[in-house]
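Subject: Handing over a structure

Hello,

I am passing this structure on to you, with some notes on what turned up in it.

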Amino acid sequence: MAKMYYNGDANKNYLNGKTVAVIGYGSQGHAHALNMRDSGVNVVVGLRKGKSWEKAEQDGLKVYSVGEATAQADVVMVLLPDEMQPKVYKEEIEPNLTNQALMFAHGFNVHFNQIVPPKESDVLLVAPKGPGHLVRRTYQEEAGVPALFAIYQDVTGEAKELALSYTQAIGSLRAGALETTFKEETETDLFGEQAVLCGGLTSLVKAGFETLVEAGYQPELAYFECLHELKLIVDLMYEGGLEGMRYSISDTAQWGDFVSGPRVVNDDVKKEMKAVLKDIQEGRFAKGWILENQANRPEFNAINEREKEHPIELVGRELRKMMPFVNKDKKKEVVASASN
Ligand SMILES: NC(=O)C1=CN([C@@H]2O[C@H](COP(=O)(O)OP(=O)(O)OC[C@H]3O[C@@H](n4cnc5c(N)ncnc54)[C@H](OP(=O)(O)O)[C@@H]3O)[C@@H](O)[C@H]2O)C=CC1
Ligand SMILES: CC[C@](O)(C(C)=O)C(=O)O
Ligand SMILES: [Mg+2]
Ligand SMILES: [Mg+2]
């Protein structure tokens, strides 16, 4: 089994007297900044003027331009959207780097050579394995989201101490962290979000919903069956793995799980998953995403608009209005993140 790191493995004083600049205040940025602030770390936020700037100030944080935040920090955590990072790094972060440690939450830009860090800096990543809003919410619940950390460059000999101390300060050592490389983090994160967590899941949900609706069943029922209940089932998997979930479902469901699950996610699906992984490993996915951004995202925007109008979204929006308990906390987060 891989070596796991928990709270007892971190030097909790390592960040004392140091300043951490969190660049960006979106999903991950707000969570890292607030969790570290609440853990007693001196945090500043680096941003451009706008919605996030106002929000970070309202949250009681000190906000500066990206360059000013970088210049005064000992540690610089880059939490801008991946596609924005190379430009902001070149124009505002790099000119203000002396020997600060440079950190990321995803290895994409370093691994695919879009950012070439200076030789004088420790370079590392701390990547929570969960959405930023849950990194914040679980921290407030005295829990945490697991994380990966990786050292790309260790000039001071202290990079691992920093990684662990940082991981502790955002609450992730409560759940456990493990060491990886920039390559492994980048490739597995991209694969997970494309094949399983986001791409695989949304396609599975839509295909199930469409199958029921096309067969004449009520859309509201199909929404409850294929989307709403998914959270309840996944919560059981989160708590007790596949076995824990199967304990709670009927034996009829479990038999259907065994015999029909592999018919749906069959060998052809796995073959396609392997092809997706290969595109990631060989840089084709990264190249396509970089080019899509250079062209101002024509395909991304078109698909995004189309997806918002999918019947499952239309019916879901109406049904959730009648279930305020479903998103009483999330409502605030979604409104806030929509403004980022
Ligand atoms: N989302 C997640 O949960 C996860 C993300 N990651 C990684 O974390 C990193 C951050 O991702 P994520 O949190 O999703 O990013 P977001 O899209 O949520 O970040 C948006 C933030 O970046 C700011 N920003 C954008 N452009 C600029 C700019 N030119 N100058 C200054 N600030 C700017 C925005 O400010 P403004 O309001 O002014 O637009 C906003 O505060 C990425 O590397 C991602 O891969 C890793 C694990 C999970
Ligand atoms: C699953 C998507 C993710 O990788 C994440 C929340 O971990 C991301 O890039 O947002
Ligand atoms: Mg991820
Ligand atoms: Mg990701």
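Which residue in β9 does F149 stand opposite? F149 faces E179. Strands β8 (residues 147-153) and β9 (residues 177-180) pair in the parallel sense over 4 bridges; strands are DSSP runs of E with at least two residues, helices are runs of H or I with at least four, and both are numbered from the N terminus. Two strands pair if DSSP finds at least two bridges between them.

A note on conventions: this is a predicted model, where local features need pLDDT of at least 70 and side-chain atom pairs count only at pLDDT 80 or more, while totals for chains, interfaces and linings use all residues. Residues are numbered from 1 along each chain as its sequence is written, and chains are lettered from A and ligands numbered from 1 in the order in which they are written.

Both strands belong to an open sheet of 9 strands with mixed pairing, ordered β1-β9-β8-β7-β6-β5-β2-β3-β4. At its edges, β1 (4-5) and β4 (62-64) each pair on one side only.

The domain assignment, automatic or from a database, gives domain 1 (4-180) and domain 2 (193-338). Their centres, taken over C-alpha atoms, are 29 Å apart.

Around ligand 2 you will find G130, P131, D189, E193, L197 and C198, each with its C-beta atom, placed from the backbone, within 6 Å of the ligand.

Happy exploring!
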